[in-house]
Amino acid sequence: MSLSIVLFKVNASWKSGMDAMNKRRGHQSKGVILHHDNARPHTAAQTVQTINELGWELLPHPPYSPDLAPSDFHLFGPLKAFTRGTKFESDNEVKSVVSNWLRHQSKDFYAEGIRKLVHRWEKCVTVLGDYVEK
């Protein structure tokens, strides 16, 4: 699974991305909303079919907007800092170190990424989908 995928639960069906963010706050969850970018593996027919079969909703994502990918704005910076200067001997070592690092992050770390997503989504809607740097 790609690091850019963020799963979180919601209370009800959402009509738009902004409605989704507003409804999520402070509610008990019932369904799953999937947020990922528009990379080819994410938009492939088999992926879309699987998402539909699972009954998940897909949070809309502007055509090119790394500013809304939690992996880009929240995850990769700390991961890069953690691995800075490390010389890996193999792909398996990289996978092991990254998996271990991900497992050892607190729930609060991941929750903060979702909170930042809400703020960034609001900014993106405000600027009508233009790039949001910070």
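Guide: Let us begin with accessibility: a residue is called buried under 20% relative accessible area, exposed over 50%, and partly exposed in between, with a 1.4 Å probe and protein chains only. Arg115, with a relative accessible area of 48%, is therefore partly exposed. The model is predicted, so local features need pLDDT of at least 70 and side-chain atom pairs count only at pLDDT 80 or more, while totals for chains, interfaces and linings use all residues. Residues are numbered from 1 along each chain as its sequence is written, and side-chain values use heavy atoms, with hydrogens and water left out.

Visitor: What share of the residues in the protein chain is buried?

Guide: Of the 134 residues in the protein chain, 30% are buried.

Visitor: How many helices and strands does the chain have, and in which pattern do they follow?

Guide: Helices (H or I, at least four residues) and strands (E, at least two) are DSSP runs, numbered from the N terminus. The protein chain has six helices and three strands. Along the sequence they follow the pattern β-α-β-α-α-β-α-α-α.

Visitor: How does one describe the packing of two helices, and at what angle do α4 and α5 pack?

Guide: Helix α4 (residues 70-83) packs against helix α5 (residues 91-103) at an angle of about 120 degrees, with the axes 11 Å apart. Angles under 35 degrees count as roughly parallel, over 145 as roughly antiparallel, 65 to 115 as roughly perpendicular, and the rest as oblique. Helices α4 and α5 are therefore oblique to each other.

Visitor: Which residues of α4 and α5 make the contact?

Guide: Contact means heavy atoms within 4.5 Å. From α4 come Leu75, Pro78, Leu79, Phe82 and Thr83, and from α5 come Val97, Val98, Trp101 and Leu102. For classes, Ala, Val, Leu, Ile, Met, Phe, Trp, Tyr, Cys and Pro count as nonpolar, Asp, Glu, Lys and Arg as charged, and the others, Gly among them, as polar. The contact of α4 with α5 has eight nonpolar, one polar and no charged residues.

Visitor: How do α4 and α6 meet, and which residues take part?

Guide: The axes of α4 and helix α6 (residues 107-126) come within 9 Å and cross at roughly 145 degrees. Pro70, Phe73, His74, Leu75 and Pro78 of α4 meet Phe109, Glu112, Gly113, Lys116, Leu117 and Arg120 of α6. By class, this contact has six nonpolar, two polar and three charged residues.

Visitor: Is Phe109 buried or exposed, and which residues does Phe109 touch?

Guide: Phe109 lies in helix α6 and counts as buried, at 15% relative accessibility. Leaving out residues up to four places away in sequence, Phe109 touches His74, Leu75, Pro78 and Trp101. Phe109 and His74 are 35 residues apart in sequence, yet 8.9 Å apart in space, C-alpha to C-alpha. Pro78, in helix α4, is partly exposed at 35% relative accessibility.

Visitor: How many salt bridges does a search of the whole structure find, and where?

Guide: A salt bridge is a side-chain nitrogen of Lys or Arg within 4 Å of a carboxyl oxygen of Asp or Glu. The search finds one. Glu112 forms a salt bridge with Arg115, with the closest N and O atoms 3.1 Å apart. Because Glu112 and Arg115 are three residues apart in helix α6, about one helical turn separates them. Glu112 is partly exposed, at 29% relative accessibility.

Technical notes:
Axes are lines fitted to C-alpha atoms, for helices over the stretch in contact, and angles run from 0 to 180 degrees between N-to-C directions.
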